[in-house]
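Work through the exercises below with the sequence and the model at hand, and try each task before reading its solution.

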Amino acid sequence: MNKPKNTMKVSFPSRGANEGLARMLVAAFITEADPTVEELCDIKTAVSEAVTNCIVHAYPDRIGEIYIAASLSESNLITIKVRDHGCGIADVQKAMEPLFTTGGSERAGLGFAVMQELMDEVRVTSRAGGGTTVRLRRRLSQKAR
């Protein structure tokens with residue numbers, strides 16, 4: 001059973017400076033699970049990629065709102081949802097292909113690939129014109145206490 005032992009919700013404007021805020025908030029939230037340094041870095045990087053996608057792609061011509069909801073279960077499963085109400089993704093499968101980007105030549109197109117490498121599960125749901133939700137999941141190690 002993955003009943004949450006703690007949850008968090010936060011929202012902030014899609015400004016570049018808030019990418020670091022998102023990383024720190026999620027890192028602080030998961031500290032009660034006593035993650036390894038590698039787990040902490042991996043999760044912060046995955047969150048950073050998801051938030052950066054919102055900033056760059058969801059709201060390309062305006063500042064919008066980014067929402068993060070996180071839960072930590074009794075079995076140390078962390079679930080993080082990064083959501084926006086931006087322009088959405090027309091073809092999620094295509095967007096998740098490595099090197100695909102709609103952000104121009106300055107973007108590498110590796111965000112989803114990085115998330116998939118660092119997390120146990122990455123699920124993306126989107127609707128053109130209706131926003132996107134990225135769900136990241138990872139089971140943290142059960143270090144001896």
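**Exercise 1.** How many residues lie between β4 and β5 in their hairpin, and which residue in the turn has a positive phi?

Solution. This is a predicted model, in which local features need pLDDT of at least 70 and side-chain atom pairs count only at pLDDT 80 or more, while totals for chains, interfaces and linings use all residues. Residues are numbered from 1 along each chain as its sequence is written, and side-chain values use heavy atoms, with hydrogens and water left out. Helices (H or I, at least four residues) and strands (E, at least two) are DSSP runs, numbered from the N terminus, and two strands pair if DSSP finds at least two bridges between them. Strand β4 (residues 121-127) runs antiparallel to β5, joined by seven bridges; three residues separate the two strands in the hairpin, where Gly129 has a positive phi of about 80 degrees.

**Exercise 2.** Identify the bridge partners in β5 of Val124, Glu121 and Thr79.

Solution. Turning to β3, which pairs with β5 in the antiparallel sense over eight bridges, the partner of Thr79 is Arg137.
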